[in-house]
Amino acid sequence: MHRGMIYSFIGVVILLSIVSCSPYYGVTKGYKLPLIEFPEPLDKERFVAYLDTAAVDDWEGVWLLVGPEQHCFMAIERINDMNHSVYYSHRIRMWSAVSYYQDMFFEQGEVLGYLGQGLYEDTKNMTMKAGILTRYDLYKSVVRLDKTRKHILIEAAYKNKGEVGMRRIYPIRSVEEDEYKVRYL
């Protein structure tokens, strides 16, 4: 190989590595989520029974999205599919049917977004469908659990719009439970 070809190859590799590590990589207009999947319908009684009897982590449960224009209940469930759980650890689904902005309607059980692996146990990368936190764009942000494990703080929304996040509705964790541990009943 010529020296010029080697330098151009190295330049392409460096450029691709910079683009793939950029926080802006993959920010798109529209409604597409990173995964295309068709999970089984959301059965509320079965999901609550799962939360009561299984080993659930701090992210799983029923959460209330709270913000200036957003108030809806969401179910966050762990992804058990090995193809998806390499990066995406949890799926966010609509708990009850609701409409936003009078022209968007989300059905019960519809996949709204995903939580991806973070560096720390209390940090995840969230991707949300357009219409929930923004009207037109796919929404990406870092999210964190607070110290009490009762709130999810959405960092980008907090900086732009004030207090936006999620509050745990179910299961209510006991004060005696250790933080950072999976709950076993």
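Predicted model: local features only at pLDDT ≥ 70, side-chain atom pairs only at ≥ 80, totals over all residues.
Visitor: How many aromatic pairs does a search of the whole structure find?

Guide: The search finds four aromatic pairs. In the pair of Tyr88 and Tyr114, the ring centres are 5.4 Å apart and the planes stand at 55°.

Visitor: Why is the pair of Tyr88 and Tyr114 called tilted?

Guide: Rings pair if their centres lie within 6.5 Å, and planes under 30 degrees apart count as stacked and over 60 as edge-to-face. The centres of Tyr88 and Tyr114 are 5.4 Å apart and the planes are at 55°, so the pair is tilted.

Visitor: What makes this pair a tie between parts apart in sequence?

Guide: Tyr88 belongs to strand S3 (residues 88-94) and Tyr114 to strand S6 (residues 111-116), so the pair ties together parts that are 26 residues apart in sequence.

Visitor: How do you know whether Tyr88 and Tyr114 are buried or exposed?

Guide: Buried means under 20% relative accessible area. Tyr88 has 15% relative accessibility and therefore counts as buried; Tyr114, with a relative accessible area of 1%, is buried.

Visitor: Which residues do ring pairs link into a cluster?

Guide: The cluster consists of Phe47, Tyr50 and Trp95.

Visitor: Which residues have the most contacts inside the largest nonpolar core?

Guide: They are Met74, Met126, Met128, Ile132 and Leu133, in a core of 23 residues. Among the elements that give two or more residues to this core are S3 and S6. Leaving aside residues up to four places away in sequence, Met74 touches residues including Ile92, Leu112, Met128 and Ile132. A second, separate core has eight residues, including Leu42, Val62, Ala75 and Trp95.

Definitions and conventions: Residues numbered from 1 in each chain as written. Heavy atoms only, no water. Phe/Tyr/Trp six-rings, centres within 6.5 Å; stacked < 30°, edge-to-face > 60°. Helix = DSSP H or I, 4+ residues; strand = E, 2+ residues; numbered from the N terminus. Buried < 20%, exposed > 50% of the residue type's maximum accessible area, 1.4 Å probe, protein only. Core = buried A, V, L, I, M, F, W, Y, C linked by side-chain atoms within 4.5 Å. Contact = heavy atoms within 4.5 Å.
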